[in-house]
Every structure is written in structure tokens, then in C-alpha cells.
Amino acid sequence: MGNHSDGSPQTGGAVATAGQTEKFADPGLPPHRLRLADTDPRAAKRAERQVTILFIISVIGTIVFLVAYFAIDLGSDSTIPTIRLQNILLGLGTTFAMLGIGTGIVHWAKALMPDHEVSESRHAISSEEDRVAAVKIVDDIIEETGIKRRPLIRNTLIGALALAPLPALAVFGDLGPNANDKLRHTMWAPKDGKKVRLTRDPDGTPIKASDVTIGSAFHVIPEGLNDLTEGKLNEKAKAVVLLMRLNPEDLHVSPGRESWNYNGIVAYSKICTHVGCPVALYEQQTHHLLCPCHQSTFDLTHECEVIFGPASRPLPQLPIEVDADGYLVATSDFHEPVGPSYWEREYS
């Protein structure tokens with residue numbers, strides 16, 4: 001039968017005893033392995049062409065961005081497909097512009113630049129000899145990159161880097177001019193003394209007070225919006241409203257707003273005060289309005305004050321009444337700018 005261990009500790013010559021430490025030899029750096037481009041001139045030339053192509057791709061991406069930005073006209077009558085096409089081209093152009101430069105530089109470093117490891121002690125530069133040595137190190141680094149010996153890479157890199165900032169300049173330039181009071185007014189303001197009717201979105205049918213029952217909710221646009229030929233999307237983005245009817249006893253109306261609702265019918269901006277997403281969810285039992293983007297929740301019974309989420313202000317209320325024909329009309333524009341905050345808006 002074979003020998004069996006009795007569970008006692010095993011000892012041997014490889015185990016260090018108390019007071020002794022086992023020493024290992026410094027393995028040093030692994031041997032340098034030459035790359036294919038280091039030994040084959042054709043491989044080096046091929047890698048150079050690949051880097052050049054990547055830089056050219058970056059240039060093409062920047063050009064695509066600029067063409068999409070300036071050549072595709074987004075006028076007031078722009079359609080959704082046109083806007084979508086421009087967004088796709090802008091995204092692809094930016095992607096290839098940045099990806100081409102980054103991938104090209106990485107491939108250049110891995111395939112063509114020297115890859116041997118060097119360790120050197122660091123010390124403060126205090127004498128002129130040290131400064132001269134530091135300058136020489138910089139010159140050696142530039143020489144090792146091969147940028148002087150490879151004009152094709154150098155020229156395409158310069159071109160890619162020169163064009164890369166242009167998309168950012170174009171976007172920053174599009175931040176102006178100042179919008180002045182355009183963000184403060186919507187189509188709900190009375191025109192020539194005539195009050196604007198509330199109509200259904202999207203067909204533009206006027207809404208009577210009798211159409212709005214307790215618990216119902218209407219998506220509303222101002223009368224005349226569908227007749228616009230220019231700026232329709234911009235005007236709609238500011239003027240869309242949610243219309244609901246509650247039991248008047250459930251409303252907590254602040255002083256000065258007693259005439260802003262009609263028999264429990266209230267109208268509030270549909271644009272969330274956080275980042276401008278559409279507030280489209282109405283919970284009938286709790287009378288809460290929910291923004292689906294970031295879950296900001298507004299209490300309809302307390303003039304749409306924020307009860308949850310990142311929004312910092314209540315939804316602006318649209319004052320309404322009923323005209324002689326029984327249709328709901330806005331008595332005035334919103335009393336504050338709709339949508340998210342911006343640095344020049346006035347806070348109440």
C-alpha cells in the first residue's frame with residue numbers, strides 16, 4: 001500500500017526558517033522584441049500609409065460636418081427629415097473627425113515610433129548644461145517620432161489638426177445673437193384685442209368648456225398655429241399646453257390667480273422647467289403631472305408646484321376664461337417665460 005500523510009506539517013529545503021528571507025534575482029526588463037515595421041521597410045511604408053489614411057478620414061469627417069452645418073438650410077419651414085439628415089451628418093462628421101485623429105496617432109505610436117523602454121533619474125534643472133541636455137532630449141523625441149522623415153504623415157496630421165477645431169467654432173458661433181424677448185412671448189398673447197382660443201393638438205379644433213370633463217386632459221395649441229408657414233415648430237415648442245378639469249374644491253389658488261381658471265378647468269405649459277421635455281403624463285387620481293425624461297413631478301392642485309425630481313420651478317399657468325360662444329380662450333400670455341432656466345430670465 002502507498003504511504004499516507006498523517007496531516008503533520010511537511011518540511012523541505014525550499015521552506016524559509018525563522019529569521020531568514022528568500023532572495024530572488026532581479027528579472028530586469030523583458031528582451032526587446034522587434035516589430036515587423038522595424039525589420040521590413042515595406043511594412044513600415046504600409047503602416048505610414050495607414051496612418052495617413054486615418055488622418056485623411058479625420059479631414060473628410062470635418063468637411064462632412066461643415067457641409068452639413070452650412071449647406072443644409074434649416075429655415076423656419078424645415079421638415080423633420082431635413083433636421084434628421086443634418087443631425088446624422090453632423091454626428092458622423094464629428095465621429096470620424098475625432099476618431100481619425102485619435103486612431104491615427106495611436107497607430108503611428110505603436111507601429112512606427114521607437115518602442116524601447118528607457119529609465120532615467122529625474123533631477124532639477126539648475127545649470128545651463130542641464131538646460132542644453134533637456135533641449136536635446138526634446139529634439140531626440142521629435143526625431144524619434146519620425147515626423148521629419150515622414151512628410152506625408154506630418155502634412156496630413158497638420159491638416160487634420162487645423163480643421164478639427166472648426167466644428168466647435170461653428171457651434172459656438174451658433175449660440176448668438178441674443179434672443180432678446182423672443183423667449184418671453186408666445187402666440188397666446190391677444191392680437192388686436194382679440195383673445196386666442198384654445199384648440200386641440202394637432203387638428204386645431206376649438207375647445208368648449210363643456211367638452212372638458214373632470215379627469216380629462218387635452219393637449220392644446222393656440223388658434224392659428226396650424227396656419228403658419230414660417231416658424232411653426234418654434235412657436236409650437238413654446239405654446240403647447242395641457243388642459244385639465246378638476247373639482248374646483250381641490251384647487252389651491254394663490255391670491256391674484258382667482259380668475260385664471262374656469263370652473264376647475266386649468267391650463268399649464270407642457271414644457272418641463274427642467275430641460276424642456278414635454279410633460280405628457282397625467283395621473284387622474286393624484287392630479288400629478290409627470291415629465292417622462294427625468295421624472296419631475298408637478299402637483300396640479302397646488303398650481304403645478306414641483307413635488308419630485310430635478311425641476312426647480314412650477315409649470316407656468318395660462319390664464320383662461322370662456323368667450324360668448326362657450327369656447328375656452330386665453331386672457332393673456334404666460335406671465336413668465338416657459339421652459340427651462342436661462343441666465344437672463346427673471347425669477348419670481
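This is a predicted model: local features need pLDDT of at least 70, side-chain atom pairs count only at pLDDT 80 or more; totals for chains, interfaces and linings use all residues.
Is Lys45 buried, partly exposed or exposed? Lys45 is partly exposed, at 44% relative accessibility.

1. Lys45 and its partner. Lys45 is paired with Glu48 in a salt bridge, and their closest N and O atoms are 3.8 Å apart. Both residues belong to helix α2, which covers residues 41-71. They are three residues apart in that helix, or about one turn.

2. Salt bridges overall. The whole structure was searched, and 10 salt bridges were found. Side chains of opposite charge can pair when their charged atoms come close. The Glu48 and Lys45 pair is one example; others follow.

3. Arg35 and Asp38. These side chains form a salt bridge with an N to O distance of 3.1 Å. Arg35 is buried, its relative accessible area being 15%. Asp38 is partly exposed, with a value of 36%.

4. Asp40 and Arg42. A salt bridge joins these two residues, with 3.8 Å between the closest N and O atoms. Arg42 counts as exposed, having 64% relative accessibility, because the cut-off for exposed is over 50%.

5. A network. Salt bridges also link Arg197, Asp323 and Asp325 into a network.

6. Helices α2 and α5. Two packed helices are described by the angle between their axes and the distance between the axes. For α2 and α5 (residues 151-163), the axes come within 9 Å and the crossing angle is roughly 20°. The two helices are therefore roughly parallel to each other, since angles under 35 degrees count as such. Their crossing is left-handed.

7. Residues at the α2 and α5 contact. From α2, the contact includes Glu48, Val51, Thr52, Phe55, Ile56, Ser58, Val59 and Thr62. From α5, the residues are Leu152, Ile153, Thr156, Leu157, Gly159, Ala160 and Leu163. By type, the contact has nine nonpolar residues, five polar and one charged.

Conventions. Residues are numbered from 1 along each chain as its sequence is written. Side-chain values use heavy atoms; hydrogens and water are left out. A salt bridge is a side-chain nitrogen of Lys or Arg within 4 Å of a carboxyl oxygen of Asp or Glu. Buried means under 20% relative accessible area, exposed over 50%, partly exposed in between (1.4 Å probe, protein chains only). Helices (H or I, at least four residues) and strands (E, at least two) are DSSP runs, numbered from the N terminus. Axes are lines fitted to C-alpha atoms, for helices over the stretch in contact, and angles run from 0 to 180 degrees between N-to-C directions. Angles under 35 degrees count as roughly parallel, over 145 as roughly antiparallel, 65 to 115 as roughly perpendicular and the rest as oblique. A crossing is left-handed if the near helix is turned anticlockwise from the far one by less than a right angle, and right-handed if clockwise. Contact means heavy atoms within 4.5 Å. Ala, Val, Leu, Ile, Met, Phe, Trp, Tyr, Cys and Pro count as nonpolar, Asp, Glu, Lys and Arg as charged, and the others, Gly among them, as polar.
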